[in-house]
Amino acid sequence: LEILVTILNVNDNSPVFKQTNLIEVVPEDTKVNATIVAREDLSASDADLDIIFYELTTIVPGTEGYFAIKGVNNPEMYLQKALDYEKFNSTTLVLYARDRPVDSTDTTNTATATINIFIEQADTRPPWFQPCTFINTENSICISSPYTGRVNISEMSTEPLILEPGPIYAIDPDYMLNEKIVYSIVGGDTDKVFSVDADTGNLTMNRVATSPDSYLLQVMATQVNNIQKYSIVSVEIKVINKSDHPPYFESRIYNGTAFVGLAPRSFVFQAGVPSSPLMITAADDDFPNV
């Protein structure tokens, strides 16, 4: 008697990952669709020789949608959306490997692998002149106002000029890198009246200003490690006549008359001259014709 015996494979083995805990450092400027973890490093094996079905989930709130796998049977992980170090610098993913589809009613064995992602800040932003104002909710664009200052005509200042809203100063917004910044005048100073200290940004005079015309300087802040990372700001220097005399009121006492019941913003009249509005005037001997 010949007996033929067939052994049926029972699904009694779970998928097995090569590594159950991975750490990946991803540069912030990684291109979208670039591979983050290769397929062979994330593939699971199954002693039952079943087809493996994969699913990637994100654990950290607010970091969803950045990483994905190629397909339900291909666990190669790639970057799906551009990274921003300012939004988050790390996240944790969990990769599931199942020997049955997710919606299967059959007995399913599952394995998991944890993937810890650390974002490495990249040099993505040019310098920002200070102070500046953010114009978007992501705080990725900061706009500075022009600087202003003044000098006396035909007078040489030996100290750094005082500017508003403050001294010339720029920072590297990629703050973890904090690259060195140097300053230079790139426009508006054809007569070389001014100099800017490359390291501090202090603006000083080389010679006197002989014209009453204002100077509109263009000052550039450049990263030493990458000259393509730069910003330019305007610096207006007004040339004025030196003030040797303080202003003074033309009269020490002014007398006026205000009537009961007048509406707000009504005129106050000169005392004794009810038809003439009261005028308070001042003069300055530095400007005799004004």
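User: What is the mean pLDDT of the protein?
Analyst: This is a predicted model, and its mean pLDDT is 93, with 99% of the residues at 70 or more.

User: And which elements have the lowest and highest mean pLDDT?
Analyst: Strand S23 has the lowest, at 86, while strand S7 (residues 74-79) has the highest, at 98.

User: Where does S23 sit in its sheet, at the edge or in the middle?
Analyst: The sheet is open and antiparallel, with three strands in the order S21-S22-S23. S23 (273-277) is an edge strand, as is S21 (256-257), and each of them pairs on one side only.

User: How many bridges join S22 to S23?
Analyst: Two, with S22 covering residues 269-270. Across this pair, Phe269 faces Pro277 of S23.

User: Switching topic: what is the strand order in the sheet of four?
Analyst: That open sheet runs S13-S19-S18-S15 and has mixed pairing. Its edges are S13 (147-152) and S15 (181-187). On average, neighbouring strands there are turned by 35° against each other, ignoring direction.

User: How do S15 and S18 pair?
Analyst: They are antiparallel, with six bridges between S15 and S18 (residues 215-223). Tyr183 is opposite Ala221 of S18.

User: Last one: which residues form the nonpolar surface patch?
Analyst: Leu1, Ile3, Val5 and Ile7, which together have about 580 Å² of accessible area. Ile3 lies in the segment before strand S1 (16-17).

User: Why does Ile3 count as exposed?
Analyst: Because its relative accessibility is 65%, and the cut-off for exposed is over 50%.

Notes: Residues are numbered from 1 along each chain as its sequence is written. This is a predicted model: local features need pLDDT of at least 70, side-chain atom pairs count only at pLDDT 80 or more; totals for chains, interfaces and linings use all residues. Side-chain values use heavy atoms; hydrogens and water are left out. Two strands pair if DSSP finds at least two bridges between them. pLDDT is the predictor's confidence in each residue, from 0 to 100. Patches are made of residues with over 30% relative accessible area and no salt bridge: like charges are joined within 9 Å, nonpolar side chains (Val, Leu, Ile, Met, Phe, Trp, Tyr) within 5 Å. Accessible areas come from the Shrake-Rupley method with a 1.4 Å probe; for residues, only the protein chains shown count as cover. A salt bridge is a side-chain nitrogen of Lys or Arg within 4 Å of a carboxyl oxygen of Asp or Glu. Buried means under 20% relative accessible area, exposed over 50%, partly exposed in between (1.4 Å probe, protein chains only). Axes are lines fitted to C-alpha atoms, for helices over the stretch in contact, and angles run from 0 to 180 degrees between N-to-C directions.
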